[in-house]
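Could you walk me through this protein, one piece at a time? I'd like to see how its parts sit relative to each other.

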Amino acid sequence: MAGRLDRIDLKILRLLQNSGRLTNAELAEMAGVSAATCHRRTQRLFDDGYIAQVRAMVAPRKVGKGALVMVGVVLDRSTPESFAAFERAIAQLKFVLDCHLVAGDFDYFLKIRVGDMEDFNRIHGEQLIALPGVRQTRTFFVMKEVVDNAPLDF
């Protein structure tokens, strides 16, 4: 990554990662370049895929999604077809924030936001255990979010 990016590109990325609401003029000043140069470089960072998207970080509690739940999922078969079927189905569930194929005791690890334990219990019983190929789930209710969605260190 850093081989194609110079120190100004990296600075722009760091600044935007910390505050995606910066105007181009503010970003240019902080990066030490002209507004035109900053705009051109930022557009290239988007075009080359270094910046995937810009979006607001909504406070979960403010919108009734204060409970964070991690779920380990074990599938009944470890085949490409069963993985693909599970991945297609899980991608349709809007309450799933993250889904990762992992090595170890589980096949997948999910990050889910819900209103409360009752909300999760309903979702678990109606949707999660009904996903294709699910043999077992193990649920972890997060007691405290120590580090969540930290900026990348580069």
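When we talk about domains here, their bounds come from an automatic or database domain assignment. Keep in mind as well that this is a predicted model. With that in place, the protein chain is assigned domain 1 (7-48) and domain 2 (60-141). The C-alpha centres of domain 1 and domain 2 lie 36 Å apart.

The UniProt record, an unreviewed entry, places the feature "domain: HTH asnC-type" at residues 5-66. Over residues 5-66, the chain is 53% helix and 0% strand.

Now zoom in on helix 2, which covers residues 24-31. Its buried residues are Leu 27, Ala 28 and Ala 31. They cover an arc of only 100 degrees around the axis, which puts them on the same side of helix 2. Here's a handy bit of background: an α-helix has 3.6 residues a turn, so residues three or four places apart point the same way. On the other side of helix 2, Ala 25 and Glu 29 are exposed. And what covers the buried residues of helix 2? Helix 1 and helix 3 are included in that cover. Just after helix 2 comes Gly 32, with a positive phi of about 80 degrees.

Helix 3 is next. Running over residues 35-47, helix 3 has 13 residues and reaches 18 Å from its first C-alpha to its last, close to the 18 Å expected at 1.5 Å a residue. Which residues of helix 3 are buried? They are Cys 38, Arg 41, Thr 42 and Leu 45. These cover an arc of only 100 degrees around the axis, which puts them on the same side of helix 3. The buried residues of helix 3 pack against helix 1 (7-18) and helix 2 (24-31). Helix 3 is followed by Gly 49, whose phi is positive, near 85 degrees.

A pair of aromatic rings is described by the distance of the centres and the angle of the planes. A search of the whole structure finds six aromatic pairs. One of them is formed by Phe 83 and Tyr 108, edge-to-face, with 5.9 Å centre to centre and 80 degrees between the planes. Phe 83 lies in helix 4 (residues 80-90) and Tyr 108 in strand 3 (residues 108-114), so the pair ties together parts that are 25 residues apart in sequence. Both Phe 83 and Tyr 108 are buried. Another edge-to-face pair is made by Phe 106 and Phe 140, at 6.4 Å centre to centre and 90 degrees between the planes. Phe 106 lies in the loop between strand 2 (96-101) and strand 3, and Phe 140 in strand 4 (residues 134-141), so this pair ties together parts that are 34 residues apart in sequence. Are these two rings buried or exposed? Phe 106 counts as buried, at 14% relative accessibility, while Phe 140, at 35%, counts as partly exposed. Ring pairs also link Phe 83, Phe 86 and Tyr 108 into a cluster.

Stay with helix 4 for a moment, where you'll find Ala 85. Ala 85 is partly exposed, with a relative accessible area of 21%; the cut-off for buried is under 20%. From C-alpha to C-alpha, Ala 85 and Gln 17 are 34 Å apart in space, and they are 68 residues apart in sequence.

Over in strand 3, take a look at Ile 112. At 0% relative accessibility, Ile 112 counts as buried. What does Ile 112 touch? Leaving aside residues up to four places away in sequence, Ile 112 touches Ala 67, Leu 68, Val 69, Val 71, Phe 95, Val 96, Phe 120 and Leu 128. Ile 112 and Arg 14 are 98 residues apart in sequence and 27 Å apart in space, C-alpha to C-alpha.

Our last stop is Asn 149, in the segment after strand 4. Most residues other than glycine have a negative phi. Asn 149 has a positive phi of about 55 degrees although it is not a glycine. With 52% relative accessibility, Asn 149 counts as exposed.

Conventions. Residues numbered from 1 in each chain as written. Predicted model: local features only at pLDDT ≥ 70, side-chain atom pairs only at ≥ 80, totals over all residues. Heavy atoms only, no water. Helix = DSSP H or I, 4+ residues; strand = E, 2+ residues; numbered from the N terminus. Expected span 1.5 Å × (residues − 1). Buried < 20%, exposed > 50% of the residue type's maximum accessible area, 1.4 Å probe, protein only. Arc of directions from axis to C-beta. Contact = heavy atoms within 4.5 Å. Phe/Tyr/Trp six-rings, centres within 6.5 Å; stacked < 30°, edge-to-face > 60°. UniProt positions renumbered as here; feature names shortened; annotations may be inferred.
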